[in-house]
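Let's walk through this model together, strand by strand. Have your viewer ready and follow along as the pieces come up.

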Amino acid sequence: MGRFRTLYTIIAGVLASAAAIMGCDKTDNDRPAPRVYVLGEYYYKKPCYWVDGEPVILERPEDLIYIHCNAIAIGVGNIYCGGEVFWRDSDKDPCACLWINGKISNWNMPRFSVCTAMSVSNGNLYSAGYIANGDRQGYYSVNGDISLISRQYGEASVCSAIVPYAGSVYVGGWHRPRNSQINKIACYWKDGVAVALETPEDSYETLCTSIAVSGSIVHAVGDYYQGVYPFEIRPCYWRNGKLVNLAAPGEARELCYSSVIVSGGNVYIGGSYVDKDRINPCYWVDGVLVGLSNPSGISTKCTSLAVVDGIVYAAGIIYPEDKWRGCYWIGTEYFVLEGSETESFKDYSITVAR
């Protein structure tokens, strides 16, 4: 242990049960109305989150030449965002960064660290990521106390998802052993101990990008690179480390699984599929495919999910011809995020809290 870091990755749906945010509107039964938070990118590559569709630009001091935000988490009265910053002063190394309510906070993170994932549980702030000084080394932290992933056999590692559950910390990602014919191997760590995820036979590398836990079952999703270059990217869903196939409609191809959450005993997996050369947003509930509305008729991908009171909230990306835009869904309602037009590719993450 020492002192303490998206893809927009997006495990953010885990925070659907986060503590209440002060000042919310009330519903008829006097419970705070859910508020929807979507993390993404504003005009000109400005990291931003939207609260019920209203943009909040993250602070960027003049001595920074570049900031990148990958994760969002909701606590009591605070909105946390994690990413990385690059300084204008060449003597300062890039490092992971924390924003609280849009303002940069001193996090005392290691050099060359990157924050990829965040979560809040019982008043504690959890984060995960990697340190890119030489071979990448994964880490996770609780309230700033960092735990490095063991370099057993000298492998590199990256942590891309984090879930606190029943007193343990589950972290999804990948590691790369030395002298292995497989470039990257998907896995998760429970309290720092690695657990292997089944690798497809024709895989060059596999990546775990989202994780959820329910009772004794660990759910994870990610991708694997099939065959030899040029690789085809295929989706993976693991249940307690074993690969599970999900149904696809008709002649659909190029499935993608972007995030997994568990709510009300049901397993939700967000993603998309290609049919007739168009990307269609969707999610699966206990293996049953559900399409998301797409009134634009343009290729759209679901990149993140949250579920509150049985209502599905999703975030995604629209693919028009020239620029990408962010969007989100509340049940069957569809919204385009104001100012989200950008020339860079960025997954959008969603979380909901009362």
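**Starting from one pair**

Val38 stands opposite Trp50, a residue of E3. This is a predicted model, where local features need pLDDT of at least 70, side-chain atom pairs count only at pLDDT 80 or more, and totals for chains, interfaces and linings use all residues. Residues are numbered from 1 along each chain as its sequence is written, and side-chain values use heavy atoms, with hydrogens and water left out.

That pair belongs to E2 and E3, which run antiparallel and are joined by 6 bridges. Strands here are DSSP runs of E with at least two residues, helices are runs of H or I with at least four residues, and both are numbered from the N terminus. Two strands pair if DSSP finds at least two bridges between them. In the hairpin of E2 and E3, 3 residues lie between the strands, and Tyr44 takes a positive phi near 60°.

Now stay with E3 and look at its other partner. E3 is joined to strand E4 (residues 54-57) by 4 bridges, again antiparallel, and here Trp50 stands opposite Pro55. The hairpin of E3 and E4 has 2 residues between the strands, with Asp52 in the turn at a positive phi of about 50°. Of the 6 residues of E3, 5 are buried, so the strand is largely enclosed by the rest of the structure. Buried means under 20% relative accessible area, exposed means over 50%, and partly exposed is in between (1.4 Å probe, protein chains only).

Which residues have the most contacts inside the largest nonpolar core? They are Tyr37, Tyr49, Ile72, Cys81, Val85 and Trp99, in a core of 17 residues. Strands E2 (35-42), E3 (46-51), E5 (64-75), E6 (78-87) and E7 (95-100) each give two or more residues to this core, and E5 gives the most, with 5 residues. There is also a second, separate core of 16 residues, which includes Val36, Tyr42, Trp50 and Val352. A nonpolar core is a set of buried Ala, Val, Leu, Ile, Met, Phe, Trp, Tyr and Cys residues joined through side-chain atoms within 4.5 Å.

**Further along the chain**

Next comes an open sheet of 4 strands, in the order E13-E14-E15-E16, with antiparallel pairing. Strand E13 (156-165) and strand E16 (193-196) stand at the edges with a single partner strand each, so one side of each has no neighbour in the sheet. From one strand to the next, the twist averages 30°; the axes are lines fitted to C-alpha atoms, and angles run from 0 to 180 degrees between N-to-C directions.

Step across this sheet and the contacts go like this. E13 and strand E14 (residues 168-176) are joined by 9 bridges, with Cys159 partnered by Gly173. E14 and E15 share 6 bridges, and Val171 has Trp189 as its bridge partner. E15 and E16 pair over 4 bridges, where Cys187 is partnered by Ala196. Strand E15 (residues 185-190) is mostly covered, with 5 of its 6 residues buried. In the hairpin of E15 and E16, Asp191 takes a positive phi near 50°.

**The whole chain**

Zooming out, the protein chain has 0 helices and 29 strands. Of its 354 residues, 53% count as buried.
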